[in-house]
Amino acid sequence: DAMVAYYGGGVDGVDHVFARGLSVADWSFRKPNVADQVSDDMGSSRQDPSIARYGDDSFAIVWTEVRGATRRVMSREINGLGVPMEAPRELSTDAMVQRPAVASLGSSSSYVVAWRAFGTTPNTIKAAFVNPAEAGGGVTTDIEVDSAGVISAIGLLGRLGAKRGRFAKLPLAGGWTDFRDMPAPEGRTFRQAWAERDKRAA
């Protein structure tokens, strides 16, 4: 089956995010004449919806929500009929964000969301990992990703794991770290190490 997400005017006169499930056998709507509202009533308008299937028959929808002078990246899980399963999650902490995109993490019950944070210099791409099966949604958010796709949070991970040099448990990796430890990063990205090498050679 398939799912579509879109935004449009709600009964309260502001834009909301809606979802409708489709049967790919004949492309008929699984709930005729009904579109489920995915967004709540917190913001004044919504835009930029993106959708991805994760797990067996679940979908994650993300969007930008306008709240006064700020914007927030929101996510919500829905089932194959388009019915919301959890309350919306606020993923971003920056005042201004836009263009969120969502993708599943393989065949797991997790998904990743990336968005652009702007209004500061330089503008940055940020990401969040969500595992709805974990308590509180298993959200790990505000991971800063630079233009080359290097996760800048590697330095923070290195400091957190410096004492033992490894992690016994990681969010969204419970099945893997239940039986083995994850080595902690050394605290520098490849680009940082390369820049230091160039300084020494100069």
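How many bridges join strand β11 to β12, and in which direction do the two strands run? In this predicted model, strand β11 (residues 124-130) is joined to β12 by 4 bridges, and the two run antiparallel. Within this pairing, Ile125 stands opposite Val145 of β12. Both strands belong to an open sheet of 4 strands, ordered β9-β10-β11-β12, with antiparallel pairing. The edges are held by β9 (97-104) and β12 (140-145); each has a single partner strand, so one side of each lacks a neighbour in the sheet. From one strand to the next, the twist averages 25°.

The chain as a whole contains 3 helices and 14 strands. Of its 202 residues, 36% are buried. Among contacts between residues at least 6 apart in sequence, 37% join residues at least 24 apart.

The aromatic pairs number 2. Tyr6 is located in strand β1 (residues 2-9) and Phe18 in strand β2 (residues 15-23), so parts 12 residues apart in sequence are tied together. Tyr6 is partly exposed, at 33% relative accessibility, whereas Phe18 is buried at 11%.

In the pair formed by Tyr54 and Tyr111, the ring centres are 5.4 Å apart and the planes lie at 50°, so this pair is tilted. Tyr54 belongs to strand β5 (residues 45-54) and Tyr111 to strand β10 (residues 111-117), so the pair links parts 57 residues apart in sequence. Tyr54 is buried at 6% relative accessibility, and Tyr111 is buried at 0%.

Conventions
Residues numbered from 1 in each chain as written. Predicted model: local features only at pLDDT ≥ 70, side-chain atom pairs only at ≥ 80, totals over all residues. Heavy atoms only, no water. Buried < 20%, exposed > 50% of the residue type's maximum accessible area, 1.4 Å probe, protein only. Contact = heavy atoms within 4.5 Å. Pairing = 2+ DSSP bridges. Axes fitted to C-alpha atoms, helices over the stretch in contact; angles between N-to-C directions. Phe/Tyr/Trp six-rings, centres within 6.5 Å; stacked < 30°, edge-to-face > 60°.
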